[in-house]
Structure formats: structure tokens, C-alpha cells
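Thank you all for making the time this morning.

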Amino acid sequence: MAAPAATELAWEAVIGLETHVQLGTNSKIFTSASTAYGDDPNTHIDPVVCGLPGTLPVLNQKVLEYAVKAAMALNLNIAEHSKFDRKQYFYPDLPKNYQISQFDEPIAEEGWIEVEVAEKGKDTYLKKIGIERLHMEEDAGKLVHAGSDRLAGSTHSLVDYNRAGVALAEIVSKPDLRNGREAAEYASEIRRIMRYLGVSDGNMQEGSLRCDVNISVRRGPDAPFGTKVEIKNMNSFSAIQKACEYEIQRQIKAYETGEPIVQETRLWDESKQLTKSMRSKEGASDYRYFPDPDLGPIEVSIDQREAWRSELPELPSAKRHRYANALGLSQYDARVLTDERSMAQYFETVVAAGADAKLSANWITGDIAAYVNSNRLNFDALAFRPEQLAEMVKLIDSGKISGKIAKEILPELLEKGGSPKAIVDERGLGMISDPAAITAIVEELLAAHPDEVEAFRGGKNKLQGFFVGQLMKKTGGKADPKLANQILSMKLKG
């Protein structure tokens, strides 16, 4: 059978991400100017930030440490020698009229991460995404367009240099992503890893993590890459996914109707749910890189690398595997529990205190997570400490209290903390598990409802649920459900 013609092959998207991570240092990459967010414009600048004559940049040691740790967590190879370059990047929010970055000798190259791609209604799968490089660079400032909420229609623009010179790690993926969901999951995993490391807060609303998507389409997996388009202005993982999905369809339609695809930078318009052309895309030759003459080469010794490596925490992917394989949790539970490091630590402390892993996971990902989210807290700030949750889980697991009783006392515990056992003992909320006591209550109920008993014995088996409800109502939900059902079944059958 002949191979199908090229026009019969399905379109395939080829996507790569450039992720800019703001490193969480107190001072900027080459100067001691503050990195505090939200202060008055142009209050965190100095002669180095402005590039005044006679000033010299000095690399912030903490920036190098954070960049190397980030690279290690992404399985990148750390360069023994790297350097800084000047990138001729002429924008009004760069006071020096060039950006200090890394070009041909970055701090790290050739890595990968594993992402778990989950989407409602579809099978979850794991995918290994290659990472081309990580390099350090300084951020630009911010333009504020006055007279309109966007550049179009504004009467003038103001420049805030507070962000200029803030340290960034730019992470460049390989073109291994094939759809918007994979792109969003990849970006989410990068953010998760950076937050686990403590090298960035990853706050997308404040610009601490920004993603540019490079995307093209081609006819089948063996066809050459198509013309690449870059998409900017995405401040959420949802926007990344939707922008990719829109752009894939736009490019396919253009090719099929004979419209040329040009190399350009486009913006994602969230209000209209589409991409719009912004400018033609520069190439590396347009930047005219050359080694920065004011900064010497960077050398990271083997001893220093290993010392930093020893400080890395267990990362989200490793935790997901461990929770599923060693603790028997579902993929979903493992994914939710590891999304934030504070939640994972809370869960592990609960389990270490002897509580059942699955039951603990249910409480943490359900009622407790809902409370944390609605009150904009994190698990570190909870009054209900993990050891106290472990105590409550063990009370349920041993049959001392029911899940219903636990739900009743949980709001108070979340607000104030305290011992679940002490509350149960003080208020007499313990489970009734004495067979004689439950038998007496059952017999009383059957005597009070002779018609229902007769109907049950006539074949209406569902009436057992009625008696269970009556029993729980009479005991305030404290009767041991398993024992109560056994005794009810025996007594109802006569």
C-alpha cells in the first residue's frame, strides 16, 4: 500500500516555552538595589541599574546559587565555565539600552523534567520534556501607558525602572510539546519546582513567572518544522493552554487557505480569546551579542555544586511517585497533595504520626484544603496542626468516632486547633459501639414502627435504610455504623 500523500497527514503542533523565573533575592542581580514589589515607581534604582558612566556590575552570589539549584532540579548539566553577554535590546524600559544576559555559554544546558498531563475526560499520562538551557539575565523595567488601559489609545507612557535589573533565570524548553494542555502542565511543573526549591514565589500576577510560547504546525511528525510564531502576554496556565489551542487552529487554517505564516511576536488577548500581531520577531543576529567587558567568567567548583545539590528538597515528581507506589494513593490524590510543598509537608507529618495515608489524604484534599483556599492561607499557618489531624484520623480509624462527628468538630479545630480526643471526651461524642446498647435502641425502634417492619419482611428491603437513619438520628450519629447495620439486619429478619 502506498504511503499517504502529505495532504492526507494530520497536522501536528510543535511547541516550546521560554519561561522567565524571577529569582527571589532581596537585591538585584548586579547591584544592592531592592527587589521589593509594589513600592512607589523608580524608588529601587541606582547608578548601576541606570548604567551611568563609571559604574560596574557585580554578580549577586545568591543569584548564582539559586540559578544552579534550579538547573540541578531540572536535570541540567552545570557548566564549569560560563559568561555574561551584552544583548543590544533597545527598549525604553532598559535604561542602559542593552541587557546583560548569557548567549553561547549559559550556566546550564541539556536537561529534562517529567510532567503529568491530566485533563478531564481523558487518560492521564506522563511525558518527558527536554530542556535546552537555563541562563541568568537581568529584567527590564515596566512601561505604564496613560490615558488608556493598553498601548493603543494611550496618550503617553511612563517608565518605572524598579524591576530593571531584577534577577531572572530563563528556562528554554526543547520543542517537545504537542498541544496546549501539555504546555500548560509543563509551565505549571516549572513553577511548582521553583516554589519547592524556594528560589522564586512563582507569582504570575506580579510577574515573578512569565511564559513566552513558540509555536508552529507541520504535516505529520516527520515533516520539517513550520514557521515559528511567538506568543507573549500570558499570565495564567489557562491562558497558555487557550492561546496555544487558538494559534494552532489559526496556523492550520492559514496554511490550508494559502495564507503565509510570518515569523512574528503575537499577543494573547484574554478578553477576545485570540492572538494578535504585535511586531516582527527578531533573530539572534539582531541582538548583536558580545561578551560583557565588565563581568568576568563564572566558575562553579565541584565542591560548591555538590554542596548546593545536597540542599535540594525532594521534588514534586519524586513525591508523586512515592505517594502512589509506597503509600498506595491514587494519581489524583498524589498530584493534589504535591501541588504545594506546604501541603505535602503537612500530609507527611500526619502520616508520620501514625495516621492512615488514604484517610488523611481525603481530609487534607477535601475539607481542609477548602478552608485553606477560602481563607487564603497556606498549610504552615493552620491552627489545626498535623499531629492533631493524625489524632482525629486515628479516632475515626479505630471506630471511636464517626466521620460525621469528625465533620462536626472540624470547623472549631480549623479555627482554634486543639485535641480532637479531648473535645470528643468532654462532649461525650464518642461512638456507641456496645452491642447491648445498640440492640436495645434497635428493639425500641422496631417496636415503634411495626408497619415498616412488616413491609420490610414482605420484601421492601430498602426500608433498612429508613431504620438506619432513625437509629442515627436517635443516637446523634454516634452509633457504630457497621455494628448497627449488623444488628438491624438480624433483628429485622426476625
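Before I point at any strands, let me say that two strands pair here if DSSP finds at least two bridges between them, and that helices (H or I, at least four residues) and strands (E, at least two) are DSSP runs, numbered from the N terminus. This is a predicted model, in which local features need pLDDT of at least 70 and side-chain atom pairs count only at pLDDT 80 or more, while totals for chains, interfaces and linings use all residues. Residues are numbered from 1 along each chain as its sequence is written, and side-chain values use heavy atoms, with hydrogens and water left out.

With that in hand, look at strand 6, residues 108-117, and strand 7, residues 125-138, which run antiparallel and are joined by nine bridges; within this pairing, Val-115 stands opposite Lys-127 in strand 7. Strand 6 also runs antiparallel to strand 2, residues 77-78, through two bridges, and there Ile-78 has Ala-108 of strand 6 as its bridge partner.

These strands belong to an open sheet of nine strands, in the order 2-6-7-10-1-11-12-13-14, with mixed pairing. Strand 2 and strand 14, residues 274-280, are the edges, and each has a single partner strand, so one side of each is left without a neighbour in the sheet. At the strand 14 end, six bridges join it in antiparallel fashion to strand 13, residues 264-269, and Leu-267 is partnered with Lys-276 of strand 14.

There is another open sheet, made of three strands in the order 5-4-15, and here the pairing is antiparallel. Its edges are strand 5 (99-101) and strand 15 (290-291), each with a single partner strand, so that one side of each is left without a neighbour in the sheet. Strand 4, residues 85-87, is joined to strand 5 by three bridges, with Lys-87 having Gln-99 as its bridge partner.

The C-alpha atoms of Gly-147 and Ser-157 are separated by 8.8 Å, although the two residues are 10 apart along the chain.

Turning to the helices, two packed helices are described by the angle between their axes and the distance between the axes. The axes are lines fitted to C-alpha atoms, for helices over the stretch in contact, with angles from 0 to 180 degrees between N-to-C directions, and contact means heavy atoms within 4.5 Å.

Helix 12 (residues 403-416) and helix 13 (residues 420-427) have axes that come within 11 Å and cross at roughly 125 degrees, which makes helix 12 oblique to helix 13, given that angles under 35 degrees count as roughly parallel, over 145 as roughly antiparallel, 65 to 115 as roughly perpendicular and the rest as oblique. The contact is made by Ile-409, Glu-412 and Leu-413 of helix 12 and by Pro-420, Ile-423, Val-424 and Arg-427 of helix 13.

Finally, the axes of helix 7 (residues 316-325) and helix 9 (residues 341-352) come within 12 Å and cross at roughly 30 degrees, and these two helices are therefore roughly parallel to each other. Lys-319, Arg-322 and Tyr-323 of helix 7 make the contact with Ala-344, Phe-347 and Glu-348 of helix 9.
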